[in-house]
Amino acid sequence: MNKKGFVFVETIIVTCVLLASLMVVYSLYVSSLNSETRQLRYDDPARLYQTYYLEKYFNSFDMDLLLNRISSGTSKYELIYQGRSDIFGSSYSEEALFFDSLWNHLHIKNIYLVKSNVSELAKCKEKGYEVICSNQNLVSYLRNLDDGEANTFYFIVEYATSRSGGNCTNIDCFSYFSYMTMEA
Amino acid sequence: MNKRGITLVEVIISVGLISVVMLFLFRLLLDMQFEDAHTSYAKENQVNRAMIIKTVQEDFLNKHLQNIQNNSGVITFTFQEQTKTLKVTNTQIDYNGEEVWNLESKNNDTTFDIAHISVTKKDATCTPRLNVDTNGDGTCDVNCDTNHNGILDSTERSAQSDSYQNCSKYNYFHVVIPVVTEEKENVIDDIEFFFLGTRS
């Protein structure tokens with residue numbers, strides 16, 4: 001019978017294996033916690049209502065212009081940004097200041113208009129979606145969405161605030177996402 | 001057979017390594033204990049928050065909101081045909097005596113920050129239409145004030161009515177009731193109401 005018991009090397013090996021397993025468990029735990037926290041910022045009720053009003057606001061102008069560009073294949077998606085005047089047509093001079101105020105007050109970072117078959121888009125394999133696919137927060141949000149019906153579009157708003165709810169900076173920035181469905 | 005046993009250095013190294021493992025385990029347990037203690041309250045608050053927002057926002061959608069005012073935690077919503085109040089205390093929101101919601105926390109360390117409730121009203125953002133003298137004769141030819149029939153100076157221009165200015169036909173209201181936990185901002189629990197509509 002072997003009466004030597006554990007030798008020093010064996011103790012170290014066992015401890016290292018334990019340590020490695022624990023590190024894996026801990027990293028999995030932390031990443032699932034982060035994912036849960038991130039998902040709290042998806043379709044938050046307050047942001048959903050803001051997005052609802054934003055979609056109504058833009059729809060009262062010439063959103064068909066953008067939807068038709070996507071439908072006809074002229075563009076794969078559309079971005080609405082500060083200073084984009086073609087949606088407002090001749091009303092831009094009236095709306096420019098109000099739109100800027102709305103954009104800044106709600107901490108809007110981006111507004112995307114995409115076809116509602118987002119599961120394909122979220123794979124980021126198709127060319128032409130570099131801007132969307134470079135936004136990892138957006139891609140992980142798209143992965144949470146179900147595909148919509150044919151000929152419908154998703155109006156997706158990304159809000160970005162600091163931890164305290166103010167303007168975000170590079171190191172202190174949290175993205176909220178919500179969407180509305182639009183029809184051409 | 002080696003009968004020397006384990007030396008003191010080897011024991012110390014082994015104990016050191018096991019301590020590292022125990023440290024990880026202990027941290028994991030502490031984190032899980034914290035999550036367990038707070039998750040039930042956090043979920044309760046998220047459900048209540050969603051209910052408050054839904055109830056008030058449905059009124060915004062159905063009752064034609066005209067104005068919002070905040071007076072030390074008593075927020076008054078003026079609709080076309082009635083007025084409703086939302087009373088905010090440290091841990092409770094009472095909507096017009098119809099619905100009451102409480103803010104839950106383990107050590108009563110989560111409260112509404114009444115002093116920092118913000119009500120933003122953005123009404124028409126107007127810029128004066130520029131009067132243009134196209135032929136250089138000193139009289140207005142484009143965007144003219146019909147009552148004045150001339151080039152307006154800045155004082156006269158600022159006194160113009162909406163019809164002589166570039167104004168959005170929309171306005172918006174935004175109410176934020178901040179929530180603090182252990183005296184730190186807890187933005188994810190903040191109660192927010194938003195309304196965007198045409199100016200009445």
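1. Basis. The model is predicted; local features need pLDDT of at least 70 and side-chain atom pairs pLDDT 80 or more, while totals for chains, interfaces and linings use all residues. Residues are numbered from 1 along each chain as written, chains are lettered from A in the order written, and side-chain values use heavy atoms, without hydrogens or water.

2. Cavity. There is one cavity of 30 Å³ or more. A cavity is a set of points on a 1 Å grid over the protein atoms alone where a 1.4 Å probe fits but cannot get out; lining residues have an atom within 4 Å of a point. The volume is about 60 Å³ for the largest cavity, taken as the space filled by probe spheres set on the points.

3. Lining. Helix H1 (8-62) and strand S5 (99-102) of chain B each supply at least two lining residues. Helices (H or I, at least four residues) and strands (E, at least two) are DSSP runs. H1(B) gives the most, with four residues. The lining includes Arg49(B), Trp101(B), Phe112(B) and Asp189(B).

4. Salt bridges. Lys84(B) pairs with Asp59(B), with the closest N and O atoms 3.0 Å apart. This pair links strand S3 (residues 83-88) to helix H1 of chain B, 25 residues apart. Both Lys84(B) and Asp59(B) are buried (under 20% relative accessible area; exposed is over 50%, partly exposed in between, with a 1.4 Å probe and protein chains only). Shared partners join Asp44(A), Arg47(A), Arg49(B) and Glu192(B) into one salt-bridge network.

5. A pair in chain A. Arg84(A) bridges to Asp86(A), with the closest N and O atoms 2.9 Å apart. Arg84(A) counts as buried because its relative accessibility is 8%. Asp86(A), at 33%, is partly exposed.

6. Patch. Val7(A), Val9(A), Ile13(A) and Val17(A) make a nonpolar surface patch of about 340 Å². Patch residues have over 30% relative accessible area and no salt bridge; nonpolar side chains are joined within 5 Å, like charges within 9 Å. Val9(A) lies in helix H1 (residues 8-40) of chain A.

7. Backbone. Two non-glycine residues deserve a check. His64(B) has a positive phi of about 55 degrees, in the loop between H1 and strand S1 (65-71) of chain B. Asn96(B) has phi near 60 degrees and lies between strand S4 (92-95) and S5 of chain B.

How values were computed
1 Å grid on protein atoms, 1.4 Å probe; cavity = no way out; pocket = protein on both sides within 12 Å on 5 of 7 lines; lining within 4 Å. Areas by Shrake-Rupley, 256 points an atom, 1.4 Å probe, with all protein chains shown as cover. Salt bridge = Lys/Arg side-chain N within 4 Å of Asp/Glu carboxyl O.
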